[in-house]
Structure formats: C-alpha cells, structure tokens
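Hi,

Here is the structure I promised to pass on.

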Amino acid sequence: MGILWTIIIGFIVGLVAIFIMPGGNEPKGFILTTVLGIVGAFVATWLGQAVGWYHFGEGAGFIGSVVGAIILLFLYGLVLGRQGRA
C-alpha cells in the first residue's frame with residue numbers, strides 16, 4: 001500500500017507544481033507528472049537535510065515536495081531552453 005500512496009501523492013504534487021509554474025515546456029502525461037512529484041519530494045528532502053531543516057530519516061512534507069518539483073520544472077525549462085536555442 002505504501003508504493004501506491006507514493007504514486008498517488010507524487011501525481012498530486014506534480015499536478016500542483018505544473019499548475020503553479022505553467023509553461024509550454026513542462027513534461028506531459030501521467031507517468032512524467034508522477035515522476036516529477038516523486039523526484040521533487042526527494043529533492044526537497046535532500047535540500048532540507050543539507051540545510052538542517054530535516055533530520056536523517058525525515059521526509060519533506062507536501063509543501064516541500066511541491067517546492068522541490070517546482071525547482072525541477074525550473075531546471076527542466078532551463079535545459080530545454082538551451083537546447084532549443086542551439
């Protein structure tokens with residue numbers, strides 16, 4: 001049941017991140033949106049532990065996961081923007 005909740009929450013986080021930071025270059029589709037949310041949670045957890053907000057073994061919350069996903073969308077847009085100009 002844990003992996004199912006991870007997928008569901010990852011999808012919701014990905015949707016919220018895409019809604020907050022819209023653009024023409026965001027990944028589309030259920031799988032990419034879910035991966036965006038799940039990886040966003042990992043990024044937020046890693047950054048939070050590096051800064052000292054979270055202890056080892058603690059994960060980022062919903063808002064932290066959305067912020068991590070927005071960071072990923074921003075980086076995704078930078079990479080795609082550079083490829084389009086070359």
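Below is what turned up, going from the whole chain down to single residues.

First, a caveat: this is a predicted model.

**The chain as a whole**

The protein chain has 86 residues, and 26% of them count as buried. Its accessible surface comes to about 5,900 Å², with 76% of that belonging to carbon and sulfur atoms. As for contacts, if you take those between residues at least 6 apart in sequence, 59% join residues at least 24 apart.

**The core**

The largest nonpolar core has seven residues: Val13, Ala17, Ile18, Leu36, Val66, Ala69 and Leu73. Two elements give two or more residues each to this core, namely α1 (2-20) and α3 (62-85). Ala17 is a handy place to start looking. Setting aside residues up to four places away in sequence, Ala17 touches Val66, Ala69, Ile70 and Leu73. In general, nonpolar side chains tend to be buried together in soluble globular proteins.

The largest pocket holds about 180 Å³ of space. Its lining counts 14 residues, and the closest to the centre are Thr6, Ile9, Gly37, Ala41 and Ser65. Each of α1, α2 and α3 supplies at least two residues of that lining. What is the lining made of, by class? Eight of its residues are nonpolar and six are polar, with no charged residues.

Ser65, one of the residues closest to the pocket centre, sits in helix α3. Is Ser65 buried or exposed? Its relative accessible area is 5%, and the cut-off for buried is under 20%, so Ser65 counts as buried. Beyond residues up to four places away in sequence, Ser65 touches Val13, Gly40, Ala41, Ala44 and Ala60. Val13 in that list is also a member of the largest nonpolar core, and Ala41 is among the residues closest to the centre of the pocket.

Thr34 is the other one I'd look at, over in helix α2 (residues 30-51). Thr34 is buried because its relative accessible area, 5%, falls under the 20% limit. Leaving aside neighbours within four places in sequence, Thr34 is in contact with Ile7, Gly10 and Phe11.

Cheers

Notes:
Residues numbered from 1 in each chain as written. Predicted model: local features only at pLDDT ≥ 70, side-chain atom pairs only at ≥ 80, totals over all residues. Heavy atoms only, no water. Core = buried A, V, L, I, M, F, W, Y, C linked by side-chain atoms within 4.5 Å. Buried < 20%, exposed > 50% of the residue type's maximum accessible area, 1.4 Å probe, protein only. Helix = DSSP H or I, 4+ residues; strand = E, 2+ residues; numbered from the N terminus. Contact = heavy atoms within 4.5 Å. 1 Å grid on protein atoms, 1.4 Å probe; cavity = no way out; pocket = protein on both sides within 12 Å on 5 of 7 lines; lining within 4 Å. Points joined across faces, edges and corners; volume = space filled by probe spheres on them. Nonpolar A, V, L, I, M, F, W, Y, C, P; charged D, E, K, R; others polar. Areas by Shrake-Rupley, 256 points an atom, 1.4 Å probe, with all protein chains shown as cover.
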